[in-house]
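I opened my notebook to look up a few things in this structure.

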Amino acid sequence: MDYWPDVLQVIPTADYKVYIYFDDGTIRLFDASESLTKGVFRQLTEGNLFTETCTVINNTLAWTPDKTYSESTCLDLDPISLYENCPIVDEPLELFET
């Protein structure tokens, strides 16, 4: 892969999905529900940690369960894997409607 994808923005949903905005203009949807049943990611199901701490760190999707937003303690995912394996979706307009 010649292109190294950078994540610009993420929008988490209450049903453990994340809309990921990449620097090439694509929006991809990551379904985290399976990941949340394993290892360190299980802690993200406590309270609202999944949505409250979902962010972009090191140009990729990440969470900071300790709420420090530190690169050294975040749980981040490989941006290439996200780019190659998550389906492209349309802009989730319903998330922005009031």
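**Entry 1: the hairpin**

I looked up Lys17 and found that its bridge partner in E3 is Asp31. The model I am reading is predicted. Next I asked how E2 and E3 pair. Strand E2, residues 17-22, runs antiparallel to E3, and 5 bridges join the two.

I then went to the turn. The hairpin of E2 and E3 has 4 residues between the strands. Gly25 takes a positive phi there, near 95 degrees.

Is E3 largely enclosed or open? I checked residues 27-31, which make up this strand. Of these 5 residues, 4 are buried, so E3 is largely enclosed by the rest of the structure.

**Entry 2: the three-stranded sheet**

I moved on to an open sheet of 3 strands. Their order is E4-E5-E6, and the pairing is antiparallel. Which strands are at the edges? They are E4 and E6, and each pairs on one side only. E6 covers residues 75-76.

I followed E5, residues 60-63, across to E6 and found 2 bridges between them. In that pair of strands, Trp63 of E5 stands opposite Leu75 in E6.

**Entry 3: Thr53**

Where does Thr53 sit? I found it in the loop between helix H1, residues 49-52, and strand E4, residues 54-57. Is Thr53 buried or exposed? Thr53 is buried, because its relative accessibility is 0% and the cut-off for buried is under 20%.

I looked for what surrounds this residue. I left aside neighbours within four places in sequence. The contacts of Thr53 are then Leu44, Ala62, Trp63, Thr64, Pro65, Lys67 and Tyr69. A polar atom of the Thr53 side chain also lies 2.7 Å from the backbone oxygen of Leu49.

**Entry 4: the cysteines**

How many disulfides does the whole structure hold? The search finds 0. I checked Cys54, which is in no disulfide. Its nearest cysteine sulfur belongs to Cys74 and is 11 Å away. A disulfide needs two cysteine sulfur atoms within 2.5 Å. Cys86 is in no disulfide either. For Cys86, the nearest cysteine sulfur is that of Cys54, 12 Å away.

I also looked up how covered these two residues are. Cys54 is buried, with a relative accessible area of 12%. Cys86 is buried too, at 8%.

Methods
Residues numbered from 1 in each chain as written. Predicted model: local features only at pLDDT ≥ 70, side-chain atom pairs only at ≥ 80, totals over all residues. Heavy atoms only, no water. Buried < 20%, exposed > 50% of the residue type's maximum accessible area, 1.4 Å probe, protein only. Pairing = 2+ DSSP bridges. Polar contact = N/O pair within 3.5 Å; in protein donor to acceptor, adjacent residues only side chain to side chain. Contact = heavy atoms within 4.5 Å.
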